[in-house]
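Student: I would like a close look at a single part of this model, followed by its surroundings.

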Amino acid sequence: MLRKLIIRFKDDGDYFREIDEERNYFFTEAEEIINRIRDRLAKEKRADSTKSFEFWIDGQCLVISQVHFDKKESLQKQLEHTILTFDSWEEDMRHKYVNTLKEYVEEEKQLFINKEYATFAIRYDQLFGVSAFEPFPIYLDGSELNQVYGTMQPLVKTGFYAELEQMMAAIKTALEKLILDAQNTLEGEQTDFLQQQKLLEEKVNLLLQDEITFKQFTQYAGASFQSVGKHRIEALCPNFKLYQTVQLVLFSTFVEQNSFAEAYEIHLTLVKALKDKYDAILSQGFSLANDEMIESLVLSPILQQYKLDIEKQLQGDGVKEDEPQ
């Protein structure tokens, strides 16, 4: 869990249509929702209602408390009071938590001044920070989300709100690649399913905390936003002359000298190499905006290399041990 501050409303007690108990709310967002509910309840003469919530800081559930809608006190002030009067902590610890809370809230509020960013961050959390996102929710802190937003926002052509869902689709693609990369590092681990998921989640979070990997993730998301999808590779291959040549050599001449199983294995590594090349280009922040770019930057170099390698093997020179990149 990378988010510095989380407000998680509990599903017991009163129901409020403004609150989704599945969400992990940003602090600023939760305060705004509480204020809206407070105003509505005052008009409906139901101001004595309460709502339980958990307050998380740096991945730790620090306080379980209640919002009292009849009090005008802000969520921040209420939490500060709760922390300062909590007997189980030493006084210096109480003040430390209050100071951290103030620092983190101020940091988040500064980011949320930008309404586009606030919409972007909340939409990310609605899609990827909830239990419905598989295999597990992926939280990003405000500063990390601001980096992703800063990469993608300048790429918008028609309008931020019109293209918001396209941005989220690109982020989902980047997250899926990150999860796959993490899975590949854990291959061979002999563990049960739950332990495997736990290890995978830990690995994903470690990757996101690595500066270089996070930069590549951000660049991939931005490039994906401007690119045609990876699925275009398999759609373009059958009509691409060089691909047809490689397949012909592989499943005729090569099969005659070797075996179909070996030819099929090379075919599978070829398909993977094409997808890896696509990923490598996007991870550098370069987009593949159309079919022609995929053909020239992905298909041609990889297929040319495979063609040479297969021809060398047929001549008895042996295959390179290193897979073409």
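Student: Which residues make the nonpolar surface patch of about 310 Å²?

Tutor: The structure is a predicted model, and in it the patch is made by Phe260, Tyr264 and Leu268. Phe260 belongs to helix α11, which covers residues 260-283. With a relative accessibility of 52%, Phe260 counts as exposed, because the cut-off for that class is over 50%.

Ser259 sits in the loop between α10 (241-257) and α11. This serine is partly exposed, since its relative accessible area of 26% lies between the limits of 20% and 50%. Ser259 can also be placed relative to Asp125: the two are 134 residues apart in sequence, and their C-alpha atoms are 50 Å apart in space.

Ser283 is also in helix α11. Its relative accessible area is 9%, so Ser283 is buried, the limit being under 20%. Leaving aside residues up to four places away in sequence, Ser283 touches Lys177, Gln216, Gln219 and Tyr220.

In soluble globular proteins, nonpolar side chains tend to be buried together. Here the largest nonpolar core has 69 residues, and Phe120, Ile171 and Leu299 touch the most other members. Helix α6 (residues 160-185) gives the most to this core, with 11 residues. A second, separate core has 28 residues, among them Tyr25, Ile34, Leu62 and Leu101.

Phe120 shows what such contacts look like in the largest core. Not counting residues up to four places away in sequence, Phe120 touches Leu145, Val148, Tyr149, Met152, Phe160, Leu164, Met167, Met168 and Ile171. Ile171, in that list of contacts, is itself one of the residues that touch the most other core members.

A strand gives a further case of burial. In β1 (residues 5-9), 4 of the 5 residues are buried, so this strand is largely enclosed by the rest of the structure. Strand β1 pairs with β2 (residues 50-57) in the antiparallel sense, over 5 bridges. Within that pairing, Leu5 stands opposite Ile57 of β2.

Notes:
Residues are numbered from 1 along each chain as its sequence is written. This is a predicted model: local features need pLDDT of at least 70, side-chain atom pairs count only at pLDDT 80 or more; totals for chains, interfaces and linings use all residues. Side-chain values use heavy atoms; hydrogens and water are left out. Buried means under 20% relative accessible area, exposed over 50%, partly exposed in between (1.4 Å probe, protein chains only). Helices (H or I, at least four residues) and strands (E, at least two) are DSSP runs, numbered from the N terminus. Two strands pair if DSSP finds at least two bridges between them. A nonpolar core is a set of buried Ala, Val, Leu, Ile, Met, Phe, Trp, Tyr and Cys residues joined through side-chain atoms within 4.5 Å. Contact means heavy atoms within 4.5 Å. Patches are made of residues with over 30% relative accessible area and no salt bridge: like charges are joined within 9 Å, nonpolar side chains (Val, Leu, Ile, Met, Phe, Trp, Tyr) within 5 Å. Accessible areas come from the Shrake-Rupley method with a 1.4 Å probe; for residues, only the protein chains shown count as cover. A salt bridge is a side-chain nitrogen of Lys or Arg within 4 Å of a carboxyl oxygen of Asp or Glu.
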